[in-house]
Every structure is written in C-alpha cells, then in structure tokens.
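Subject: The structure for you to look at

Hello,

Here is the structure I promised to pass on. Please open it first, and then read my notes below.

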Amino acid sequence: MIRITLLTALTTVTLMVASAATASAGELFQFPDGFLWGTATAAHQTEGDNKNSDWWEWEKQPGNIANGDRSGGASDHYRRYAEDLKLARQMGHNAYRFSIEWARIEPEEGRFDEAQINHYRSVLESCHENGLTPMVTLFHFTLPQWLSDQGGWSSKNIVARFERFARFAGERLGDKVDLWCTLNEPVVYLGAAHAVGLFPPGQKGMGRAANVMARMAKGHVAAFRALREADTVDIDGDGKATLIGVAKHLRVFQPARRNNPLDHVAARFSAFSFNRAFMIAITGGKLLLNVPGLPHLNERIHAGEPTLDYVGVNYYSRDLVKFNVKTPGLVDRLVPEGAPVTDMGWEIYPEGFYRVLMETWKSYKLPIIVTENGMADARDLQRPGFLQSHLEAMARAMRDGVPVKGYLHWSLLDNFEWLEGFAPRFGLLKIDYRTQSRKKTGTARLYSSIIGSNSIEIGSTDEE
Ligand code: FCB
C-alpha cells in the first residue's frame, strides 16, 4: 500500500473516465509515416558525476536512497552517449528524448559553462548523425545546488532563473533542436520535493506545494515564450522552429470500493489534482485550487495565449483510491488483488494507457507524444508483453482518433531510479554496472521488429 498526500485533494471538479473500448481480434494497425519511435532518459539518472546538482548532496544523506545507493558514475552516458545513440539507431529508433543538466550548464548563479553547453551540442550532433530526432527536456527533477539552496521551485526567483536558462538553451542549441519539453512530471516532482520531502530540497507541507504548482506553471509559460523567441531555426523544414510541451505523468484513479462514496470522491480529487489542475493552468491560464484545509488558490498564469504545442504523456499505471478516515487529506493507493505488477510493485494496466490517451485528447485537443512508458523488470520476462500490450492500447487510441505523434519508451538503458537507486531495471539495454557494458534485451528486439514493420496487430480486449 502506498500512502500519498492529497495535494491531490484539490478541488471538486469531476472528470473522466473514458469508457473502455473494444477491438476486434487481429486488426492490423499501420502507424503513420514519420511516427517517432525511440526512448527517453534523464541526465542525472544516466550521465554520472553530476556533482553540482542538488541530488548529489541529497544522495549522501543516509536513508534518502534505497540500499544507500548513490548515482556516482550512473550509466556513464555522459561519456558513452555516442555508443548509446549508435545502438539506438541499430535498433531502428528515429527519436531520442534526453534532458540537459542545468547544474552542469549553470554551476554557479549566472555563470554559464561553455564546455558543458558544447557537450550537449555534441550529443545533439550525434543524434542527427544517427537519424534520431532529439527531444530536449529542460528540467527533469534536478536543480543546481545553489538554486536548491534558495528553495528551488518554492523560491521567488525561480521563474526568472528558469526563463534565463531556457533562453540560453534556445539560443545555443536551437539550431539542432525543434522539439522541446520544458518540465518533466511537475506534479510528481512538487509532491515529492515540496509536500512530502522525499526529493531535494526536502520541504514538507501542503500549502507550500500548492504554491509551487503555480510557480511551475508560470515557469513553463516563461520557458515556452523564451524558447519561441530564442530558437528560430526550423531544422526539419515543417515550418516550425519549435514544438514545445511538458511531459505530464497521467494515471488512472478508481475508487477502491465501488460502493463507498468517500472512495469515489477521493478518486475524483486525486484525478483532478494529479492529472488535471496543472494542465488546466497552463492551457487555460488560471490555476484554481479550492480545497478545505489548503490555501485557496486562484492564480492567473497567463493571459490566454497558446502555451503548449503538444501534450507529453508519461503513462505507467493506475491506482485504486481509498479514502483515509484517520487522516482526511491523505488517501491510500492500492493495487488490485492478484494484478500483475512490475519489480517496483506498479500494476501493469495497459487499458489505462488507452483511457489516458483518449481523455487527454478530449480535454486539450492537442497532438500527443508519449514521452515515457515502460516498466522495471530485471529479468526482462514481463516486459515484452508489457510493450506489446501498451503499443496495442496506443494503436487503438490512434485508430479511435487520437493524434499520437510518437512513442518514447522509458528507457534506453538501465539507470539510477531516484529514491530506489540502481535496483530497478528499466532499460531496453541491460547494463552490467561493473563494466558498463550494454546488452540488448528481448524487449529491445521486439521493439525493433514493431518499428521495422511500423504496424501492430491489435488483439481482442476483454476489459470491464
Ligand atoms: C518517471 C520519471 C523517470 C523515471 C520513471 C521510471 O516518473 O519521469 O525519471 O524515474 O518514472
């Protein structure tokens, strides 16, 4: 059982859930030409030696990371990126999402490191040499230590600092990037870093976390504008120099007990606060939070101009939500009895992927890129089935009208999984951390064959 705070308990708006669709057995779905097929990674999880970041310090404190793991050399991707991107090409991929590390690029306040930005230029060149369309993430959970010391995303300065960083990235990398992702999983991050204190800067408290949501929404908008202005080079000739989005973690929330009205309410609150509030803020321009016991927020985020070109969907699982009688404001999140789970205990629930894609399209009417989807499976036993069933779910959503433009599997290679350290294995490439050698998994081969045919057979579904 996982207990999470209901920062999640944020308003009374009801929403979702798209009804499960059924497909006839054996239908062949053809993906569109130019569909983006690839993987996603994050700098801190893969590069190694990220010494100026707030996670580097955080990992040193006993109890913060499982087994006392520290990211250390991680997957050595900082040095081996060329080899890794070549492997991605050999596997047939045509896209790669990665993050640039703010802590490397601006190691001290206002000092931008030329060598580091040139490093990322080289990574981008390597993407292009290998036929991989790059997607660059600006913020993927790590901050420079100096900024974290100021309170990170809770600090008043953060929006201006993030805007400056985004502008610098746009100016210096824009001739090699069209596809940008400002923030990775803002709501996961603000919950972990500012509500329950499990990520640096380790702040606890619901009130502050609600304000951080407003800051992150404003940060996205500021970065969006800065990238639009700074990056004017259209490298793929589609008439657009930038396509800018966020990677939003989206889950299915359902009441744990069908006949319990409080569970229904808790599931709706969770879905609104986790899936929707931030997205409504950046698309509609207003962050509205109105929950008893929390500060009332009615904050203007922008004046109504477009601030999102695509929605990045990170999909992993669903939660059965149980109202917590002892501590209202907290909910218990459960996995259904007997359900298949990953090495991290997350339920494997491909039908939820279909639902999330349908709901996202209906809500925002924007193109979608799947920016993460994957599972921890050290022995790579369940992952082939996971990949197949999730791609089928995605294909069904596309057949039913959802404009999905690409799928980026998490992850290219095994890496440092935040609080869980190195034990979870998410990679298509399995790493032997003693030698840093990479080995293709069975899932990697299955993925290559699906990419090769650019099609998938949609099996029958027997979901409720
Ligand atoms: C997502 C994160 C990513 C990775 C996967 C497993 O929530 O964005 O960095 O940790 O989960």
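How many salt bridges does the count come to? The answer is 28 salt bridges. Please keep in mind that this is a predicted model.

Glu372 forms a salt bridge with Arg97, and their closest N and O atoms lie 3.1 Å apart. As background, side chains of opposite charge can pair when their charged atoms come close.

Charge also shows up on the surface. Lys430, Lys439, Lys440 and Arg445 gather there in a patch of positive charge. If you want to find Arg445, look in helix α13, residues 442-453.

Next, have a look at the second largest pocket, which holds about 480 Å³ of space. Two elements, β5 (133-139) and β13 (404-409), each give two or more residues to the lining of this pocket. The lining is made up of 22 residues. Nearest the centre of the pocket are Leu36, Leu179, Asp236, Leu243 and Lys405.

Finally, some notes on the backbone. Most residues other than glycine have a negative phi, and most peptide bonds are trans.

- The peptide bond from Pro200 to Pro201 is cis, with omega near 5 degrees. Pro201 sits in the loop between α8 (186-195) and α9 (206-230).
- Trp410 and Ser411 are joined by a cis peptide bond as well, and omega there is about 20 degrees. You will find Ser411 in the loop between β13 and β14 (429-432).
- Ala74 is not a glycine, yet its phi is positive, at about 45 degrees. The loop between α2 (54-58) and α3 (77-90) is the place of Ala74.

I hope this helps you find your way around.

Best wishes

Technical notes:
Residues numbered from 1 in each chain as written. Predicted model: local features only at pLDDT ≥ 70, side-chain atom pairs only at ≥ 80, totals over all residues. Heavy atoms only, no water. Patch = residues over 30% accessible without salt bridge, like charges linked within 9 Å, V, L, I, M, F, W, Y side chains within 5 Å. Areas by Shrake-Rupley, 256 points an atom, 1.4 Å probe, with all protein chains shown as cover. Salt bridge = Lys/Arg side-chain N within 4 Å of Asp/Glu carboxyl O. Lys, Arg positive; Asp, Glu negative; His and termini not counted. Charge placed at Lys NZ, Arg CZ, Asp CG, Glu CD. Helix = DSSP H or I, 4+ residues; strand = E, 2+ residues; numbered from the N terminus. 1 Å grid on protein atoms, 1.4 Å probe; cavity = no way out; pocket = protein on both sides within 12 Å on 5 of 7 lines; lining within 4 Å. Points joined across faces, edges and corners; volume = space filled by probe spheres on them.
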